[in-house]
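Take a walk through this structure one region at a time. Keep the sequence beside the 3D view as you read.

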Amino acid sequence: MTKTPAFLLLATVLAATALPMWAQQPAAQAAPAATASAPAVPAASAPAAGASGLTAAPPQASSAEAAPGPAAATPAPSAPAAVAAATGKPDPAMGEQRFGSVCAACHGAGGNSGTPANPKLAQQHPDYIIKQLQEFKSGKRPNPIMQGFASQLSEQDMKNVAAYLGAQQAKPGFAKDKELVTIGEKLYRGGNQQRALPACAGCHSPNGAGIPAQYPRLSGQSADYTASQLVAFRDGIRKNSPQMAQIAAKLNDHEIRAVSDYIAGLR
Ligand code: HEC
Ligand code: HEC
């Protein structure tokens with residue numbers, strides 16, 4: 001009688017470790033298809049355009065589309081995570097594993113996303129990433145896609161993934177429109193005194209590298225994503241930074257396009 005439970009226990013342990021490892025693979029591959037069918041095209045496609053066209057992107061992907069990813073990609077809790085959790089130290093190797101199996105489908109290998117609506121995460125400050133993941137999870141930064149994925153992460157998972165991403169090298173981006181870049185550069189570097197608009201460089205640093213831990217890195221980010229966030233701050237959809245909401249409230253659509261294009265080319 002004692003042999004059977006021992007065998008069952010072993011089988012359970014094997015199932016809990018080995019099986020989900022390969023079970024994750026199809027899930028990670030299925031995710032890009034789900035995104036592709038629900039491109040999170042920001043702003044421009046929204047019908048209720050304001051004076052000059054930019055509106056906050058509505059929650060783009062329905063929860064039905066976002067659901068298969070997180071559900072299918074739930075990895076089994078594993079022993080090393082438990083060890084790291086006990087010490088509370090970030091484990092970038094565990095973070096790499098989680099990121100590669102779940103997040104890279106949308107955010108690109110090493111966090112260098114090639115999809116404009118999905119932000120680049122490589123080289124981002126870990127504290128900023130943890131804050132965003134916590135706020136997606138709590139709904140303070142509402143986003144149906146990321147709420148699903150962030151909800152799958154424990155505090156320790158967030159630390160692990162953030163440590164991994166912070167150590168990745170960001171690939172440079174490119175600005176597209178010379179005229180916009182000129183306007184964007186002026187705004188980014190000097191702000192606008194009459195309108196009490198502070199220079200972006202003051203907080204995000206002149207080259208867009210940001211200042212850990214508070215001010216995120218912006219350089220090389222896709223212009224579509226940056227513009228969508230400025231609109232979301234301005235329209236009160238992204239409510240997790242009163243500071244940025246105040247600044248974005250002073251920007252018109254043309255300035256948002258201009259500064260976003262400039263940021264895409266910053267390095
Ligand atoms: C289905 C596609 C998809 C998957 C999978 C996905 N994300 Fe995201 N992620 C997005 C989108 C889209 C946004 C932009 C949300 C917004 O507009 O606010 C985003 C935003 C983020 C941000 C905020 C970045 C910033 O600069 O503020 C972080 C951090 C993030 N994701 C981390 C992750 C992690 C970690 C995982 C895996 C556990 C993951 N994402 C999985 C699509 C995805
Ligand atoms: C007073 C400091 C300050 C100034 C000036 C400032 N920002 Fe920010 N910005 C922040 C902080 C803090 C955050 C992080 C918000 C959060 O925690 O979610 C942020 C976040 C952002 C984000 C979101 C990044 C992401 O990955 O999602 C964008 C885009 C941005 N700022 C653009 C700008 C632009 C463009 C300007 C100039 C017009 C500007 N900021 C000026 C403090 C500042």
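The buried residues of H9 are Gly184, Leu187 and Tyr188. Buried means that 20 or more other C-beta atoms lie within 10 Å of a residue's own; exposed means 12 or fewer, and partly exposed falls in between, with C-beta atoms placed from the backbone. The three cover an arc of only 95 degrees around the axis, so they sit on the same side of H9. That arc is taken from the directions that lead from the helix axis to the C-beta atoms. An α-helix has 3.6 residues a turn, so residues three or four places apart point the same way. The face of H9 turned away from the buried side carries the exposed residues Lys178 and Glu179. What covers the buried residues of H9 includes H10 and helix H13 (253-265).

This is a predicted model, in which local features need pLDDT of at least 70 and side-chain atom pairs count only at pLDDT 80 or more, while totals for chains, interfaces and linings use all residues. Residues are numbered from 1 along each chain as its sequence is written, and chains are lettered from A and ligands numbered from 1 in the order in which they are written.

How long is H9? Its 13 residues, 178-190, should span 18 Å at 1.5 Å a residue, and the end C-alpha atoms are 18 Å apart, which agrees. The expected span is 1.5 Å times one less than the number of residues. Just after H9, Gly191 takes a positive phi of about 65 degrees.

Now step back to the whole chain. There are 13 helices and 0 strands. Helices (H or I, at least four residues) and strands (E, at least two) are DSSP runs, numbered from the N terminus. Of the 267 residues, 42% are buried. Among contacts between residues at least 6 apart in sequence, 71% join residues at least 24 apart. A contact needs C-beta atoms, placed from the backbone, within 7 Å.

Next come the cores. The largest nonpolar core has 24 residues, and Phe99, Cys103 and Leu165 have the most contacts inside it. Helices H5 (92-107), H6 (126-138), H7 (144-151) and H8 (155-166) each give two or more residues to this core. Such a core is a set of buried Ala, Val, Leu, Ile, Met, Phe, Trp, Tyr and Cys residues joined through C-beta atoms within 7 Å. Leaving out residues up to four places away in sequence, Phe99 touches Ala104, Val161, Tyr164 and Leu165. A second, separate core of 20 residues includes Leu218, Leu230, Ile256 and Tyr262.

Turn to ligand 2. Of the 21 residues around it, Pro198, Cys200, Cys203, Gln229 and Ser241 come nearest. A residue counts as near if its C-beta atom, placed from the backbone, lies within 6 Å. Helices H10 (200-204), H11 (223-234) and H12 (242-248) each give two or more residues to this shell. H10 supplies the largest share, 4 residues.

Finally, look at some loops. Gln123 is found between H5 and H6. Its phi is near 70 degrees, a positive value in a residue other than glycine. Gln123 is buried, because 20 other C-beta atoms lie within 10 Å. Ala196 is found in the loop between H9 and H10. Phi of Ala196 is near 50 degrees, also positive in a residue other than glycine. Ala196 counts as exposed, because it has 10 C-beta neighbours inside 10 Å. Ala213 is found in the loop between H10 and H11. The peptide bond from Pro212 to Ala213 is cis, with omega near 0 degrees.

Key. Two residues are in contact if their C-beta atoms, placed from the backbone, lie within 7 Å.
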